[in-house]
Amino acid sequence: MADLDVAVVGAGFAGIYAVQAFRSAGLTVRAFEAGSGIGGTWFWNCYPGARCDVESKDYSYSFSPELEQDWSWSERYPAQPEVLRYLNHVADRFGLWPDIQLNTRVTAATWDAERSQWTVATDDGRRRTARFLISAVGCLSAYQVPSLPGLETFAGPWYHTSRWPRDGVDFTGQRVGVIGTGSTGIQIAPEIAAVAEHLYVFQRTANFAVPNRNGAIDPEWERGFKADYRSYRKQAQESFLGVPITGTGRPALAEPPASVQRTLMERWQAGGGMPFLGAYTDVLVDRAANEIMAEFMRDRIRETVADPFVAGLLLPRAYPVGAKRLCQSDDYFAMFNRSNVTLVDIRSAPISSVTPSGLGTADSFYELDALVFATGFDAISGALRQIDVRGVGGLPLAEKWAAGPRAYLGVAPAGFPNMFIVTGPGSPSVLSNMVLSIEQHVEWIRDCVLQAASDGYSTVEAKPSAEDAWMAHVTEVAYSTLFPLADSWYVGANIPGKPRVFAPYLGGVGPYRARCDAVAAAGYEGFALG
Ligand code: N01
């Protein structure tokens, strides 16, 4: 008999809820977490300025109406420390700690066909057996530091934003370089600029960003909102993004240009990426419509940045707006008006070397005391590939995914019985409200496991044909949009040598949920039960 019914890898939003859901269903469960605290992405990414770009009312668990009534968020977009406090509160409130093992990295998981169970090895030298293996490792956990020649010689400290020192870093009076201008770079740069002697921002690709218009949550508004929280959650489940946003419902190209500009400005003033990007139905599928929005955003940069040369470098032109994750910031572009900030264009003059005293590019040298990498992640598949997961016949998951990550419904990889991936490749995951998608996956997996057991089955495995058909559908939907045109981490383009596969599912949260429910209702169609 296996030691556990369910072994969970990771204790971020997904792992925490997996523990709660499986335990409530009467199963024995244990989550193994490499960090010294729970929270996953919200534990590791404790860099200054880290903040969620989904509103707190959406980016929170819905499984407990009491929890959602009792917890009060302080801000529209919660900062990292508040999200972490929330997750610790959830673990306290539901008594989850006994089933979460911190400071324990899962190193390997091997399917034992004879016993129909997984053997899970951890870096404390122990092995546990479990009937089911749930990956809750997250989509943005395996951070990447580019290999820059000479980095090991750099005399000052260097940091990756996703492994930020928990006691913080004091950059007062220092010359600091930040490499990377994605969501993270855009958040951390203004924080460093406020204290550093000089900040150099090394930009390879200019990015689009909308304002947050963040602010404190008004208790009066909160009371009113919470009175109807349940029906709001229902709308979220049926929505496209996992957040009920209201677009105009019209294509931008069918509307008079002045009216489009007015609408975009209204949404710009209100702040937030989802309502802005969702304003018109054709922005993410039609190049001309996309360009209207892109140019509107470039105009805002031109308006904000005083030096026209610097503004010119900041204008995003390399990809359609929205095809990379839309950044959100209230102060990034204005930061370039400070005399202690320099934008360095490493597209035209790439980084050539790091020396003990700084960083050289093709045409200059920058003296630096500290270096910050905001260079992102081996996303979606990276963290799982770092674990030696072996399925039927000892096949390594990394080998199965050699041509790109894949899983039936984005949750179950064929050849890996009794293994499920929360927000895996081929599910809406990062293109949705993650918390809501996590809840949907965990509940679906829990129901599948319970149903299989009650029907007398000990194994559940996706059929290769079902996986192939699902991934073909994921690709087809992606290629009907502008998303694949960007060299984004959605397609793995940020990792040298990674196969270019569009991993998230763009069919929408509501339709995806309906599809998963239909598969369950049809007796787990596409799965072999044994
Ligand atoms: O990572 P990224 P991120 N030399 O991959 C550059 C979520 N998130 O950590 O674009 C020089 O987006 C790279 O340049 P380029 C969110 O989903 C959310 O910022 O590849 N530069 C890019 O500028 C987000 O999408 C929130 O040309 C190099 C940057 O580094 C995801 O996390 C906040 C380089 C990486 O950008 C990842 O965001 C933060 C190299 N060798 C993160 N390699 C919120 O909720 C990479 N770069 C608000």
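A: In this predicted model, strand E13 is joined to strand E14, which covers residues 358-361, by 4 bridges, and the two strands run antiparallel. Within this pairing, Ser353 stands opposite Gly360 of E14. The two strands belong to an open sheet of 3 strands, arranged in the order E13-E14-E15 with antiparallel pairing. Strand E13 (351-355) and strand E15 (365-367) form the edges, each of them pairing on one side only. On average, and with direction ignored, neighbouring strands of this sheet are turned by 20 degrees against each other.

The helix packing may be considered next. Two packed helices are described by the angle between their axes and the distance between the axes. Helix H15 (residues 434-454) packs with helix H17 (residues 509-521) at an angle of about 0 degrees, and their axes lie 11 Å apart. Because angles under 35 degrees count as roughly parallel, H15 is roughly parallel to H17. On the H15 side, the contact is made by Leu436, Ser437, Gln440, His441 and Trp444. These meet Val509, Tyr512, Arg513, Cys516, Asp517, Val519 and Ala520 of H17.

The aromatic side chains complete the account. A pair of aromatic rings is described by the distance of the centres and the angle of the planes. When rings are paired if their centres lie within 6.5 Å, the count comes to 40 aromatic pairs. One of them brings together Trp42 and Tyr59, whose ring centres are 5.8 Å apart; their planes stand at 75 degrees, so the pair is edge-to-face. This pair links distant parts of the chain, with Trp42 in helix H2 (residues 41-44) and Tyr59, 17 residues apart from it, in the loop between H2 and helix H3 (65-70). Trp42 and Tyr59 are both buried. A further edge-to-face pair is formed by Tyr332 and Phe333, with 5.3 Å from centre to centre and 65 degrees between the planes. Tyr332 and Phe333 are likewise buried. Trp42 and Tyr59 also take part in one aromatic cluster, together with Phe13, Tyr17, Tyr61, Phe63, Trp71, Trp73, Tyr86 and Phe94.

Technical notes. Residues are numbered from 1 along each chain as its sequence is written. This is a predicted model: local features need pLDDT of at least 70, side-chain atom pairs count only at pLDDT 80 or more; totals for chains, interfaces and linings use all residues. Side-chain values use heavy atoms; hydrogens and water are left out. Two strands pair if DSSP finds at least two bridges between them. Axes are lines fitted to C-alpha atoms, for helices over the stretch in contact, and angles run from 0 to 180 degrees between N-to-C directions. Angles under 35 degrees count as roughly parallel, over 145 as roughly antiparallel, 65 to 115 as roughly perpendicular and the rest as oblique. Contact means heavy atoms within 4.5 Å. Rings of Phe, Tyr and Trp (its six-membered ring) pair if their centres lie within 6.5 Å; planes under 30 degrees apart count as stacked, over 60 as edge-to-face and the rest as tilted. Buried means under 20% relative accessible area, exposed over 50%, partly exposed in between (1.4 Å probe, protein chains only).
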